[in-house]
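Q: I'm new to this one and would like to walk through it with you. Could we start with a helix and work outwards?

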Amino acid sequence: MPAKAIFKGQVFAISGKLSQPRKDHEELIRKYGGEVANSVTAAVTYLISTEDDVKNCSSKVASAQGRGVPIVQEGYLGACVAAKKLLDSGYFVVKSSKTKKRKVAPKAEAAAAAPAAKRAKAAEGAVTTTDKVEVIAKSGLADKAKVVLEETAKGFVKATLTWDVELVLNDLAAGKDKYYNMQLLANAEGSQFWAVQHWGKTGMAGTVHVDGPFDNIAAGKKVFRKKYRAKTGNVFGQIGATFADIPGKYRPLAKEEEEEEAAPGAPRRVKEGPGKWQYYLHNKVDGKKLGWYEYDEDAAENMEKYWGQFQRDAGLNVRLIQSDYFKYEVNFSDMIQRNTTSGMRRVIRRIAAGERPDNAPPEKIPEKAAPDAKPAESSDEEDEDMATADEDEPEEDEAAEEAAEEEEEEAAADGDEGEAAAEEGEEPAAPAAAAGGRAPPPAAPAGGRAPPPAAAEADEAPAAPAGGRAPPPAAAAAGGRGAPPPAEVDPSEAETVVADDTMVAETLPMRGAA
């Protein structure tokens, strides 16, 4: 006899470290007709969590509180099954999720009223947004919300804090190159707020997660700060603070400088347009002639974006760019790209806008390098954010976040009373250079899907089945990326390279003139 569908029409999300394995709860929910969601969406009716998780206010807890979703103990499921019906959740609500009013002495209550009034005053202020930052397209909120912009101050120091950051993890030794973008959004009325995260491997479209809508900006800020702290190990929104790079953590990309307005009567400075990207085909592939070929449109947009990042951050001179089938190591200092699977190396170049390219071959043609070892399978695209969605941060981290929030609120409230001397020992509230801020994204979507470079890699793919697309090749023997660069060969010898007829046109990462 099938189990009674006592959870029919109910959608559960699960958060925190439970006493029973999460999969056991999921199986029980589905067995009795319910559904399970990976995040707290508008469809979720219950969040199963713990007192510790609620106390630490994980992103799911914050989302549930913002949406008014009941946060219940895990015992609620078993009680419903035992009673053979959906019980009232009131008795099972996690205690910490209820607002408690502590008994305080009259003097203490009066003393607490002043800062509370300041925070309330700051919270009541109008929410400012900006049109200069493009909303993450995959969030689905571009037509209803904008990025929050905040004017903050600490003493005599003032700063503009844009709640928009672009983070990067560029660890060549570990074979990692990933991005993690975050935004705090508000609707035009300032009545709804969202915290958006967009992450993935460099070169790929990535995954987007949205927390909210929240009915107050404080809840959205809390999620944003928590994510930023977890990813970077730094506190978001510090005036005049220096970002501390932590091994294995993300770091913010430098913001692109905004174009300054020309002085009255002076000619307006025209911003340089995007450059054109080309690779040199030095071996015969699929009947193509030797020569320079243009990257396809998507790959060129990505290359221009990563080139711009290198111009603002010299430490990003070598990137690992992922495509659907291959990974490429692109060295912007030497202008060489390498297919990490096959080891094929090619000369690349950027033609500035308005510049006429020279069709002459490069002075030196790089020899093929040893391929990298096949990396362990990674689930970054799917699970990058799940590890931090429910994580419990140490109490000192929570204290730092709360201190930053209080300082920010007090600074906003004090702004109406005039400037005051900077107070020692306070947790700063906003970055002078917007620590962790980023520039408006380029036209190409962050982490676009198109493959980076690679001309038709002659020896990079096995023969494709008739009418089909060639599968990705198996990795070859291990070869270290840090080894000395291979010897160069003269371009005049390029004609002697043996063409590989196993490559078909459909598998070419880039397309150029035949």
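Q: Which residues are buried in α3?
A: In α3, the buried residues are Ser59, Lys60, Val61, Ala62, Ser63, Ala64 and Gly66, where buried means under 20% relative accessible area, exposed over 50%, and partly exposed in between (1.4 Å probe, protein chains only). Because seven of the nine residues of this helix, which runs over residues 59–67, are buried, α3 is largely enclosed by the rest of the structure. Just after α3 comes Gly68, with a positive phi of about 75 degrees.

Q: Before we go on, what sort of model is this, and how are things counted?
A: This is a predicted model, in which local features need pLDDT of at least 70 and side-chain atom pairs count only at pLDDT 80 or more, while totals for chains, interfaces and linings use all residues. Residues are numbered from 1 along each chain as its sequence is written, and side-chain values use heavy atoms, with hydrogens and water left out.

Q: How many helices and strands are there?
A: The protein has 10 helices and 20 strands; these are DSSP runs numbered from the N terminus, with helices being H or I of at least four residues and strands E of at least two. Of the 514 residues in the protein, 46% are buried.

Q: OK, over to α1: which of its residues are buried?
A: In helix α1 (residues 22–31), the buried residues are His25, Glu26 and Ile29. Seen down the axis of α1, these fall within an arc of 100 degrees, so they line one face of the helix; the arc is that of the directions from the helix axis to the C-beta atoms.

Q: And what is on the face turned away from that buried side?
A: That face of α1 carries the exposed residues Lys23, Glu27 and Lys31.

Q: What do the buried ones pack against?
A: The buried residues of α1 pack against β1 (11–14), β2 (35–37), β3 (46–48) and α4 (75–83), with contact meaning heavy atoms within 4.5 Å. Just after α1, Gly33 takes a positive phi of about 90 degrees.

Q: Switching topic, how many salt bridges does the structure hold?
A: There are nine salt bridges in the structure, a salt bridge being a side-chain nitrogen of Lys or Arg within 4 Å of a carboxyl oxygen of Asp or Glu. One of them joins the side chains of Arg30 and Glu26, at 3.9 Å from N to O. Since Arg30 and Glu26 are four residues apart in helix α1, about one helical turn separates them.

Q: Which pairs link distant parts of the chain?
A: Among them is Glu294 with Lys276, whose side chains meet in a salt bridge at 3.4 Å, N to O. This pair links strand β14 (residues 291–294), which holds Glu294, to strand β13 (residues 276–281), which holds Lys276, and the two residues are 18 residues apart. Another salt bridge brings together the side chains of Glu304 and Arg350, at 2.7 Å from N to O. Here Glu304 in helix α7 and Arg350 in strand β18 (residues 345–351) are 46 residues apart.

Q: Is Glu304 buried or exposed?
A: Glu304 counts as buried, at 17% relative accessibility.

Q: Last one: where is Asp313?
A: Asp313 sits in the loop between α7 (297–312) and β15 (318–322), and it is buried, with a relative accessible area of 16%.
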